[in-house]
Amino acid sequence: MTDIDDTTAQTPEELLVDLGEFHMRTLVSPLPKQPAAMGWQAVSGSMAAGFARALHALNAVDPVRAREIVTWFQGPFEDGPDPEEHTDWLEREVAKGDFSLLDKWVQEGQRLAESSKEATDARAAEELKPLTDLVKGLTDPDPCHFDHHGYCQAHGWYATNPPCPHGRAHTLFPDTKEP
Ligand SMILES: [Zn+2]
């Protein structure tokens, strides 16, 4: 019986090549327009640079340890380190068992995630503004008047699906409808 093992352990040299490729990928144009995506791309690039330098230095003094780190980084299924295992490691080695520090990281992360969401929403609303202004300008403030077929006689709309666009605009933007 033969076991087919499709996971191949990377060498530090191979991972350094991957990290170099990844770092270049974060620098080439076109860069993402979305500020959050742009920010994370820049962070990923500098993390790849930092990891490459540290791995290169470690490989020069302790190739066995470097290979261990590469194997850990690759993960058992080649999908990267296990986030939970690394959180436990941080708790032990970096926070030295100080749970309030970990809690502070979580709180700070949540605060940043919220402010990033607000900025993204505000930007989306700003990008949509020309379209929403256009819809508002084109909408007839008179209410729809439906006949027995469900067609809108007020706006000459002879369909029920989709219904009269003026009615749909009144629903989306209540201020377009006459009071
Ligand atoms: Zn209508």
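**Helix packing, overall form and loops**

The axes of α1 and α2 come within 9 Å of each other and cross at roughly 160°, where axes are lines fitted to C-alpha atoms, for helices over the stretch in contact, and angles run from 0 to 180 degrees between N-to-C directions. That angle makes α1 roughly antiparallel to α2, since angles over 145 degrees count as roughly antiparallel, those under 35 as roughly parallel, those from 65 to 115 as roughly perpendicular and the rest as oblique. On the α1 side the contact involves Pro 12, Leu 15, Leu 16, Leu 19, Gly 20, Phe 22 and His 23, and on the α2 side Gly 45, Ala 48, Ala 49, Phe 51, Ala 52, Leu 55, His 56 and Asn 59; two residues are in contact if their C-beta atoms, placed from the backbone, lie within 7 Å. Sorted by class, the contact of α1 with α2 holds ten nonpolar, five polar and no charged residues, where Ala, Val, Leu, Ile, Met, Phe, Trp, Tyr, Cys and Pro count as nonpolar, Asp, Glu, Lys and Arg as charged, and the others, Gly among them, as polar.

This is a predicted model, in which local features need pLDDT of at least 70 and side-chain atom pairs count only at pLDDT 80 or more, while totals for chains, interfaces and linings use all residues. Residues are numbered from 1 along each chain as its sequence is written.

α2 also packs against α3, at an angle of about 140° and with the axes 6 Å apart. Here Leu 55, Leu 58 and Asn 59 of α2 meet Pro 63, Arg 65, Ala 66 and Ile 69 of α3, and by class this contact has five nonpolar, one polar and one charged residues.

For the protein chain as a whole, the secondary structure comes to six helices and zero strands, with helices (H or I, at least four residues) and strands (E, at least two) taken as DSSP runs numbered from the N terminus. The radius of gyration, taken over C-alpha atoms, is 28 Å, whereas a compact globule of 179 residues would have one near 16 Å, by a rule of 2.2 Å times the number of residues to the power 0.38. The C-alpha atoms fill a box of roughly 80 × 50 × 35 Å along the principal axes. Buried residues make up 7% of the 179 residues; a residue is buried if 20 or more other C-beta atoms lie within 10 Å of its own, exposed if 12 or fewer, and partly exposed in between, with C-beta atoms placed from the backbone. In helix α4 (residues 83-94), the count of buried residues among its twelve residues is zero.

What, finally, of the loops? Most residues other than glycine have a negative phi, and most peptide bonds are trans. Glu 78, in the loop between α3 (63-74) and α4, has a positive phi near 60°, and Glu 78 is exposed, with 11 other C-beta atoms within 10 Å. Lys 96, in the loop between α4 and α5, has a positive phi near 50° and counts as exposed, with 8 C-beta neighbours inside 10 Å. The peptide bond from Ser 29 to Pro 30 is cis, with omega near -5°, and Pro 30 lies in the loop between α1 (12-25) and α2 (35-61). The bond from Asn 161 to Pro 162 is also cis, with omega near 5°, and Pro 162 is placed in the loop between α5 (99-138) and α6 (165-172).
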